[in-house]
Amino acid sequence: MTPMMKARLVATGTAMFLLAGGLTAVSALPAAAATCASGVPGDVNGDGHAEVAVSESGVAGLRGGVHVFYGKSSGLVAKASGRARDDQYFDQDTTGVPGRSEDSDNFGRATAFGDFNDDGCADLALGVPGENDRVGSVTILYGSRSGLTTTGVEVLGAGSFPSGPGTDARGIGSDLVVADLDDDGVDDLAAAAVLTPVDGAADAGAVLVFYGTASGLGGGSRQPDVLTRATPGVPGSPAVEDFFGAPLAAGDFDGNGVSELAVGLSSGTGGVQTLQRDSGGYGDPQPAVIATRASALAAGDLNADGRDDLAVGDPDEGCLECDEEYGYGSVTVFSGSADGLAGPGTKWTQDSSGVAGTAVPDDGFGYSLAIGPFDGDATDDLAVGTPSDERYVGSVTLLLGSTGGLTTDGAGGALYDQATPGIAGSQGPNRFGASLGAAFVQSGDQASLVIGVPSDDIGRYRGTGRIVQLSIQPSGPKASTSRTLHLDSPGVKGKPAKYTSFGVEVS
């Protein structure tokens, strides 16, 4: 099992929340009307600026919690300013959120924004993979002009399936990805359930797909799908500790206008399986698995050809059976084509020409990934997290997209860490870059790079954590005017404490 899988898989515990009749929708959502019209992905309140969700493990036994910071043209804020509201904090003790905060729930271990009820306001999906003794669930908070609300909150999980393999799902919410998978114009949600047994194989893994409608993910007549390596059309067969679904991504890799899922698995040498739904479901033969280890995935159009490409992070590269926790690490980029993802792919390491830094064992280059338009041109760009760089100090590498693919020209190949002028904090074993996000915080056309630093010390408190949002400029992320938020920042809910791991996940 790779280090990223270890980080993403649920912790052991005995949280025991279960709704009557199983995990299912908590309350019906009224038919949606168009209430937000900005068209900016991740914009919860329709003001033209995306929000950012920041998870913390919490000091109380991995119970978990999530902060939502609102965007403005000047960057993220924690105190209300204009239409940007205060930090919204959610856990399972928040009024209106179903359940109870218990050890090892891991509330918010995975997060994803999407418009699941087609009202124009982004909604937030929160994975809770440790819920109910690691059965897991996903909590959905819906957006509105006034921000996220617990009105109509939904909980999706094993009880969402009246029968069949979905009822055996475990580890639900260990990873999440949003895309319109059924081509109806409404966002859908895929949730990894990596501990699901399949055909007698423990921890074979599954992906649960919930479909968006005007009534939300729990409404409509279309039943959710359960995808495993036993699903007709999917190559291979279930195996013990496949962990099918760790990690996930989605993109239109063949350019036909419909998004496909990219599903990681850890069996053997690992691999990535792409899955595409048609009018009959997922039963048609699917492309063969890409045989490469995958601890992190990210999708986007890196060469402006109208097809998404897939970046695959493998922090174990170069050190599978050595004494170090990670290898030097690598990222392999597979280009989209008319037939889907094309191999063998282009590999990047810290020894690639033009990339700052040096590849050494235990760096873990590729542990985290984010793709978005970080500069002012027409292509997406790739940010690569190396949180173990320089003995867990951590760094982030930027690779710019171009019509010829990724490049280190211009700002490409640049390395950011806490020694970069303008980035807050002091260099130490802070795991800078352990999580990465691309969010349209300041502009609807250019994404801000958001960096999680979950092991950073705040004052006398070790491992409290912080996030850094780099400002936008035409040439790429700007560190000199970056913003930072942590549990001692004005307006941020909560107080600093040891090992809170604020920033363990950002989206």
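A salt bridge is a side-chain nitrogen of Lys or Arg within 4 Å of a carboxyl oxygen of Asp or Glu. Side chains of opposite charge can pair when their charged atoms come close.

This is a predicted model, in which local features need pLDDT of at least 70 and side-chain atom pairs count only at pLDDT 80 or more, while totals for chains, interfaces and linings use all residues. Residues are numbered from 1 along each chain as its sequence is written, and side-chain values use heavy atoms, with hydrogens and water left out.

**Salt bridges**

By the salt-bridge rule the count comes to nine. Select Arg-229 and Asp-242, whose closest N and O atoms are 3.5 Å apart in a salt bridge. Both residues lie in the loop between strand S11 (225-227) and strand S12 (248-251), so the pair ties together parts that are 13 residues apart in sequence; strands here are DSSP runs (E, at least two residues), numbered from the N terminus. Arg-229 is buried, and so is Asp-242, where buried means under 20% relative accessible area, exposed over 50%, and partly exposed in between, with a 1.4 Å probe and protein chains only.

Next, select Arg-293 and Asp-314, which form a salt bridge with their closest N and O atoms 2.7 Å apart. This pair links distant parts of the chain, since Arg-293 is in the loop between strand S14 (271-275) and strand S15 (296-300), whereas Asp-314 is in strand S16, 21 residues apart. Asp-314 is buried, with a relative accessible area of 3%.

Then move to Asp-456 and Arg-466, whose side chains meet in a salt bridge at 2.5 Å, N to O. Asp-456 counts as buried at 2% relative accessibility, and Arg-466 counts as buried at 8%.

**Aromatic pairs**

Rings of Phe, Tyr and Trp (its six-membered ring) pair if their centres lie within 6.5 Å, and planes under 30 degrees apart count as stacked, over 60 as edge-to-face and the rest as tilted. By this rule the count comes to three aromatic pairs. Select Phe-69 and Phe-502, an edge-to-face pair at 6.2 Å centre to centre, with 65° between the planes. Phe-69 sits in strand S2 (residues 65-69) and Phe-502 in the loop between strand S26 (478-486) and strand S27 (505-506), 433 residues apart.

Finally, select Tyr-326 and Tyr-367, whose ring centres are 5.9 Å apart with planes at 85°, so the pair is edge-to-face. Tyr-326 is buried, with a relative accessible area of 5%, and Tyr-367 is buried, with a relative accessible area of 5%.

Key
Helix = DSSP H or I, 4+ residues; strand = E, 2+ residues; numbered from the N terminus.
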